[in-house]
Amino acid sequence: MKNFTLAAKWFALSAIASGIPLFLITARAQVLHPSAGVIAWQSAFEANRGQLPRAYALQARTAHYHLLMAATHWLLLPNAGAVRRRDALRRQAHSAAAGRLLPSQRPTRFAWLNARAHARILPGRRLPGIYNYLIGRQPEQWILGVPRYSQAVVPHLYRGVALVYYYRQKQLEFNLTLQPGVRLSRIRFQLGGAARIRLDRHGDLRVGSGSQGLRLQRPIAYQWKRGRRQRIAAGYLPLGRNSYGFWLGHYDPRLPVILDPVLAYATYLGGSGQDTGAAIATDSGGNIYVVGQTNSANFPVTAGAFQSSLSSGQVAAYIAKLNAGGTALDYATFIGGNGQTDALGVAVDSSGAVYMAGMTSATNFPVTAGAVQTTYGGGAFDAFALKLDSAGSGLVYATYLGGAGDDVANAIAINAAGDAWIAGGTDSSDFPVTSGALQTHAPGGGGDGFIAEVNASGTGLAYSTFLGGSAQDFIYALAVDANGDAFVTGTTTSTDFPTTPGAYQPTFAASASGMGDGFVAELVPSGAALVYSTYLGPASAGYGIALDAQDDAYVTGDTQSAAFPVTPGAAQASYAGNGDAFVAELSASGAALEYSSYLGGAGDDIGAAIAIDGAGNAYVAGQTTSTNFPISGPAPMSACAGSPCGDAFVTEIAAGGKSFPFSTYLGGSGSQQIAHGVTIDPNGDIDVVGTTNASDFPVTAGAFQTAYGGGGDAFIAQLAIPSGGLTLSPGAISFAAQPVGSSSAAKTLTLANSGSSSITIASITATAPFAATSQCGSSLASGASCTVQVSFTPTASGAATGTLTITSSAANSPQTAALTGQGSDFSIAVLPTSASVTPGTTAQSTATITALDGFSSSIALTCTSTAPQATCSVSPATVTPTAAGVTAQLSLSTTASSRLLFSPGRPDPGAWGYGFLSFWGILLSLVLLLGWMGRRSARWTTVIALLGLSLSLAACGGGSTPAPPASHPGTATGTYTVTLTGTAQSLSHSATFSVTVN
């Protein structure tokens with residue numbers, strides 16, 4: 001079990017600057033380099049005093065690039081070693097203009113199309129410091145005192161349009177300000193250079209490869225309406241020939257529009273010691289309340305606060321209230337005593353009073369008279385709860401809550417009447433419980449959960465109960481519905497944890513890791529009984545919980561099990577390993593999972609807090625050490641900044657749990673950056689709080705505290721998420737093993753328009769080796785849906801990944817789905833690979849056919865040979881290979897030579913000898929016969945003799961033999977090749993066998 005000091009809540013981020021009474025477009029230009037990632041600019045514009053080509057009035061620089069700036073265009077030049085000399089820089093710029101550079105040397109050129117011919121670029125506010133160019137040995141060639149400026153301004157880029165370049169977070173941005181009546185379609189720009197230019201799946205414009213080049217981040221748009229910010233769709237619009245404009249979704253033309261792809265604000269909060277940010281809440285005005293722990297004597301407390309100083313070595317809790325813009329503290333105060341105090345939960349009521357819960361070892365903690373418990377109970381810590389007035393200057397009440405053991409309050413929630421529920425863990429058998437509560441005696445086992453309701457005055461307990469079994473149990477998070485039912489989540493190793501009949505998982509799920517199960521429970525308003533209680537495991541813990549209008553409980557946490565229950569079509573159906581976050585929606589009855597999904601990469605991922613919007617979309621904040629954490633949508637940070645990776649994250653899970661419309665890292669170069677709390681403010685923005693040890697955390701200009709205090713600071717950030725529009729489900733599809741070169745059957749995804757107006761669909765594409773087709777057409781009406789079919793045609797054996805991307809006019813464009821598949825193949829090998837034979841014998845080899853990456857089709861085997869008077873064969877002629885391999889016999893049968901003794905038709909001496917003997921025998925017989933018959937018959941004797949001779953000759957075959965078969969030389973000596981070929985669908989592989997005939 002995680003120990004009681006683990007707050008187990010993590011995170012933060014944001015996007016969008018304060019509004020101005022004009023139509024404004026903002027974009028960020030990021031330079032990418034293989035060795036440095038996103039390169040920081042030097043945060044100043046440098047005037048041209050002769051060190052630049054005359055065509056450029058200003059320059060901006062990074063360690064690897066020069067940006068030469070004119071009114072209507074700029075050049076981004078690689079900063080090769082020679083470019084450090086100003087003459088070389090001039091030559092490079094002139095060569096670029098003349099097209100004489102090699103492709104690898106060519107700059108990126110950005111030009112505003114059809115801009116005013118006489119537009120001028122002017123420097124903005126002067127910054128302290130100068131640049132000096134002391135190049136060479138001749139002082140007269142030195143350039144001294146080059147001024148530095150904070151901005152570069154083109155007052156009249158187009159008629160009624162002003163352009164301002166400036167820096168934010170060491171990144172270059174530009175604003176276009178449009179006066180009323182100016183058409184957005186007039187504003188166009190063109191990108192040029194040798195590198196590829198494309199819109200990526202996030203809507204960013206990229207020039208060059210993924211690790212090198214220029215990236216213009218996609219803008220996010222909003223309007224201020226009746227004091228609230230309303231987001232609208234925005235993006236870059238391709239116009240052909242590498243030219244682009246801007247597109248906007250539906251908006252009110254009477255009001256200004258702001259496009260900005262970066263943080264609304266992000267600020268540090270801390271002093272020179274160690275400071276944490278543990279929990280966050282917002283009020284109806286968008287003001288932010290955060291709590292945590294600090295040992296910084298110079299923590300930025302405010303005058304008139306309840307406790308404005310910290311004793312040496314003291315560790316105290318704090319409460320801070322920031323204004324809605326994150327630019328100033330309304331108040332900040334310490335809360336503590338002579339021991340250690342840590343605030344872990346916060347809530348705020350309609351009057352602006354703040355409620356805080358946590359743990360303290362201070363025996364002089366500032367409890368109030370008449371509180372529930374005015375004396376320290378004992379042990380290392382007591383839980384506490386308190387209420388601070390809206391000015392931050394006085395306690396309404398403060399109370400201990402604990403027994404002789406260790407007690408920790410992790411969470412607090414309130415109702416409209418000001419009653420407060422707190423929950424956490426205790427190992428005090430004498431923890432203050434109330435009569436008639438669910439469990440009035442500690443079940444034992446080294447720690448139990450507890451839930452307590454404190455009345456509005458802080459003077460009494462409506463109820464207080466243990467919650468646990470015979471082993472270890474701990475509550476991490478709490479939510480309360482409008483009826484006063486308390487919902488809690490945490491972790492337990494108790495096999496007899498109190499579950500209810502019909503619950504989703506009524507029994508403990510053991511795991512090899514020894515980690516306990518998560519649980520979710522709902523208590524009736526009196527605390528006397530369970531509405532439902534269920535395990536949620538195995539090997540898991542619940543760290544955050546939130547409720548929707550139907551009292552479905554949304555839970556996040558972490559799991560170390562590939563057997564954690566996920567639902568069909570989940571946004572991430574597979575365990576990525578090493579511990580993943582999870583997100584689950586439990587039905588109001590506790591009997592079923594509406595959805596459940598993993599969330600993570602190959603590292604360690606923890607979901608620490610969760611918030612739900614009115615549409616059922618969930619927002620999870622936490623920490624990840626995964627460099628492949630799932631990133632989607634217009635993410636301000638698409639790569640882990642921590643070194644090693646240890647960033648906060650925030651992820652949106654669409655209603656139904658089938659996709660991640662938005663997911664981003666948040667952090668600087670530190671390795672321990674965690675988000676503990678997340679909430680949704682009245683404007684629909686996502687506010688987060690956490691802790692960072694990075695001195696380069698992405699704070700925003702004008703935020704309350706832009707400098708790192710040291711030792712670890714709290715951070716607060718605000719992220720604007722595009723809302724409404726399209727949903728794509730499922731969020732990921734996987735194809736079974738498919739033979740290389742063949743196409744799979746198509747799988748179907750559903751695209752639905754959940755917005756209130758028709759959405760234009762710009763493109764539906766899938767990265768190779770996947771292909772997409774659809775029946776969606778060019779637009780999708782409000783409430784309508786269509787299908788997209790994706791097929792898989794692998795080009796190589798092994799795992800394949802890709803992305804389905806749908807770009808549209810929707811505010812949450814693009815929609816993406818992760819695509820995975822397995823290309824399968826087979827191999828053929830023969831052994832032995834050679835043999836020697838004599839003519840008339842047979843050479844043999846054994847062929848082994850092996851299935852690769854799940855190949856399962858049958859293969860037809862054929863053979864050919866270069867040997868004359870020889871025949872090759874293979875048996876069997878068809879095989880179905882396995883991963884272990886199957887065999888077939890390959891043979892080459894050769895032929896011996898054949899020679900004839902006599903030619904066809906030539907007389908045979910033996911045959912003639914028999915003929916002569918036959919002739920004389922017949923003649924002699926005739927002579928004797930004639931002598932016996934007398935002389936009168938002599939003539940007839942002669943005739944008969946001749947006839948007998950002819951018959952004798954005929955009987956002897958005319959003196960020649962029949963023609964025998966033709967002769968042949970057989971298989972000649974030499975070395976020949978036998979080729980065995982296997983064919984399956986479009987695949988064909990061969991192996992050869994060498995045969996030498998001696």
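Two strands count as paired if DSSP finds at least two bridges between them. Keep that in mind as we walk through this model, which is a predicted one.

Let's begin with a sheet. Strands E40, E41, E42 and E43 line up in that order to form an open sheet, and their pairing is antiparallel. At its edges sit strand E40 (540–547) and strand E43 (593–599), each of which pairs on one side only. How much are neighbouring strands of this sheet turned against each other on average? The answer is 20°, with direction ignored.

Take E51 and look at its partner, strand E53 (residues 747–753): the two are antiparallel and linked by four bridges. Which residue in E53 is the bridge partner of Leu-726? It's Asn-753.

A disulfide is a covalent bond between the sulfur atoms of two cysteines. How many disulfides does a search of the whole structure find? It turns up three. One of them joins Cys-776 to Cys-786, with 2.0 Å from S to S. The angle about the S-S bond is 95°, and the link of Cys-776 and Cys-786 is right-handed. This pair ties together distant parts of the chain, ten residues apart: Cys-776 lies in the loop between strand E55 (770–774) and strand E56 (779–780), while Cys-786 belongs to strand E57 (residues 785–792). Both Cys-776 and Cys-786 are buried.

Now for Cys-640 and Cys-645, which are joined by a disulfide with an S to S distance of 2.1 Å. Their link is right-handed, with 100° about the S-S bond. Is Cys-645 buried or exposed? Cys-645 counts as buried because its relative accessibility is 13%, and the cut-off for buried is under 20%.

Then there's the disulfide between Cys-863 and Cys-872, at 2.3 Å from S to S. The link of Cys-863 and Cys-872 is right-handed too, with 110° about the S-S bond. Cys-863 has 17% relative accessibility, so it counts as buried. Cys-872 is buried as well, because its relative accessible area is 18%. If you number the bonded cysteines of the chain in sequence order, the pairing reads 1-2, 3-4, 5-6.

To finish, let's head to the surface. Leu-134, Trp-142 and Leu-144 make a nonpolar surface patch of about 310 Å². Leu-144 is found in strand E10 (residues 143–149). Why does Leu-144 count as exposed? Because its relative accessible area is 54%, and exposed means over 50%.

Terms used: Residues are numbered from 1 along each chain as its sequence is written. This is a predicted model: local features need pLDDT of at least 70, side-chain atom pairs count only at pLDDT 80 or more; totals for chains, interfaces and linings use all residues. Side-chain values use heavy atoms; hydrogens and water are left out. A disulfide is a pair of cysteine sulfur atoms within 2.5 Å. Buried means under 20% relative accessible area, exposed over 50%, partly exposed in between (1.4 Å probe, protein chains only). Axes are lines fitted to C-alpha atoms, for helices over the stretch in contact, and angles run from 0 to 180 degrees between N-to-C directions. Patches are made of residues with over 30% relative accessible area and no salt bridge: like charges are joined within 9 Å, nonpolar side chains (Val, Leu, Ile, Met, Phe, Trp, Tyr) within 5 Å. Accessible areas come from the Shrake-Rupley method with a 1.4 Å probe; for residues, only the protein chains shown count as cover. A salt bridge is a side-chain nitrogen of Lys or Arg within 4 Å of a carboxyl oxygen of Asp or Glu.
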